[in-house]
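Open the model in your viewer and keep the selection tool ready. Each stop below says what to pick and what to look for there.

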Amino acid sequence: FNTAIKPFMMSWLLEEKQFEEVIYLDPDIEVFAPLKPILDSLRQGAHFILTPHLTQPAEIDAYPSDIDIMKAGIYNLGFIATSNHPEVYDFLHWWSRRLRFQCINRQDQGIFVDQKFIDLLPAFSDKVRILRETTLNIAYWNLDQRNLTYDDQKQQWLVDNQPLCFFHFSGINPKN
């Protein structure tokens with residue numbers, strides 16, 4: 001349900017409440033550092049900010065491979081950010097109409113809840129910023145491509161020697 005109402009809520013916050021920016025984070029995301037790269041991109045003119053599931057090929061025999069990611073969507077929608085602009089309203093209204101009845105998991109039909117629709121966004125807008133920083137949206141699908149370490153001295157998590165911004169605990173089984 002939270003994926004289906006995402007564009008409706010974002011529209012309401014932007015159009016009705018007149019927020020300048022909206023950042024959506026799934027409830028299973030933990031923020032470890034300021035969201036500076038995201039806010040900077042919005043303030044530099046981006047209308048939409050996305051993070052891809054992968055930032056390099058995943059030619060592996062285990063889940064998730066490149067093909068698995070393509071079935072779920074190129075961009076992970078546990079995170080999305082937007083600015084307040086009429087182009088954003090138009091897109092959110094279109095996305096809302098799609099999710100009203102098509103926010104379903106039918107990967108064999110090219111639909112995976114809200115995510116597959118976002119694959120079209122870079123074709124619809126030239127104001128999409130895709131943030132490929134490895135410190136953003138770390139999760140099981142990209143963890144093997146990133147060097148996650150803990151700096152005892154600074155008492156912080158690092159990704160590729162940079163401070164971890166946010167980790168997406170999607171698919172984590174606390175019993176395992």
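## Stop 1: a buried lysine

Begin at Lys 6, which counts as buried because its relative accessibility is 3%. The model is a predicted one. Now show the salt bridge from Lys 6 to Asp 114. The closest N and O atoms of that pair are 2.5 Å apart. Lys 6 sits in helix H1, while Asp 114 is in the loop between S6 and H5. The two are 108 residues apart, so the pair links distant parts of the chain.

Is Asp 114 buried or exposed? Asp 114 counts as buried, because its relative accessibility is 1%.

## Stop 2: along helix H1

Select residues 2-16. This is H1, with 15 residues. From first C-alpha to last, H1 reaches 20 Å, close to the 21 Å expected at 1.5 Å a residue. Centre the view on Phe 8: H1 has a kink of about 25 degrees there.

Colour the buried positions next. In H1 they are Thr 3, Ala 4, Lys 6, Pro 7, Met 10, Ser 11, Leu 13 and Leu 14. What do the buried residues of H1 pack against? Their partners are strand S1 (21-25), strand S4 (79-83) and helix H4 (86-102).

Pick Ser 11, also in helix H1. Ser 11 counts as buried because its relative accessibility is 7%. Set aside its neighbours within four places in sequence, and Ser 11 is in contact with Glu 16, Leu 92 and His 93.

Step just past the end of H1. Gln 18 takes a positive phi of about 60 degrees.

## Stop 3: the nonpolar cores

Go to the largest nonpolar core, which has 28 residues. Which of its residues touch the most other members? Select Leu 50, Ile 80, Phe 91, Leu 92, Trp 95, Ile 118 and Leu 121. Several elements give two or more residues to this core: H1, S1, strand S3 (48-50), H4, strand S6 (111-112), helix H5 (115-118) and strand S7 (128-130). H4 gives the most, with seven residues.

As background, nonpolar side chains tend to be buried together in soluble globular proteins.

Zoom in on Phe 91. Leaving aside its neighbours within four places in sequence, Phe 91 is in contact with Phe 48, Ile 118, Leu 121 and Phe 124. Another core, of twelve residues, lies apart from the largest one. Its members include Leu 35, Leu 42, Ala 81 and Leu 136.

## Stop 4: the three-stranded sheet

Select S8, S9 and S10. They form an open sheet of three strands in the order S8-S9-S10, with antiparallel pairing. Strand S8 (148-151) and strand S10 (162-163) are the edge strands, and each pairs on one side only.

Take the S8 and S9 pair. Four bridges join S8 to strand S9 (residues 156-159), and the two run antiparallel. Asp 151 has Gln 156 in S9 as its bridge partner. S8 and S9 form a hairpin with four residues between them. In that turn, Gln 155 has a positive phi of about 55 degrees.

Move on to S9 and S10. Two bridges join this antiparallel pair. The bridge partner of Val 159 is Gln 162, in S10. How many residues lie between S9 and S10 in their hairpin? There are two, and Asp 160 in the turn has a positive phi of about 50 degrees.

## Stop 5

The model has four salt bridges. The pair from Stop 1, Lys 6 with Asp 114, is one of them.

Select Asp 40 and Lys 36 for another salt bridge, with closest N and O atoms 2.7 Å apart. They are separated by about one helical turn because they lie four residues apart in helix H2 (residues 36-43). Asp 40 is partly exposed, with a relative accessible area of 27%. Lys 36 is exposed, with a relative accessible area of 52%.

Finish at Lys 116 and Asp 119. They form a salt bridge, the closest N and O atoms being 3.3 Å apart. Lys 116 is partly exposed at a relative accessible area of 21%. Asp 119 also counts as partly exposed, at 23% relative accessibility.

How values were computed:
Residues are numbered from 1 along each chain as its sequence is written. This is a predicted model: local features need pLDDT of at least 70, side-chain atom pairs count only at pLDDT 80 or more; totals for chains, interfaces and linings use all residues. Side-chain values use heavy atoms; hydrogens and water are left out. The expected span of a helix is 1.5 Å times one less than its number of residues. The bend at a residue is the angle between axes fitted to the seven residues ending there and the seven starting there. Buried means under 20% relative accessible area, exposed over 50%, partly exposed in between (1.4 Å probe, protein chains only). Contact means heavy atoms within 4.5 Å. Two strands pair if DSSP finds at least two bridges between them. A nonpolar core is a set of buried Ala, Val, Leu, Ile, Met, Phe, Trp, Tyr and Cys residues joined through side-chain atoms within 4.5 Å. A salt bridge is a side-chain nitrogen of Lys or Arg within 4 Å of a carboxyl oxygen of Asp or Glu.
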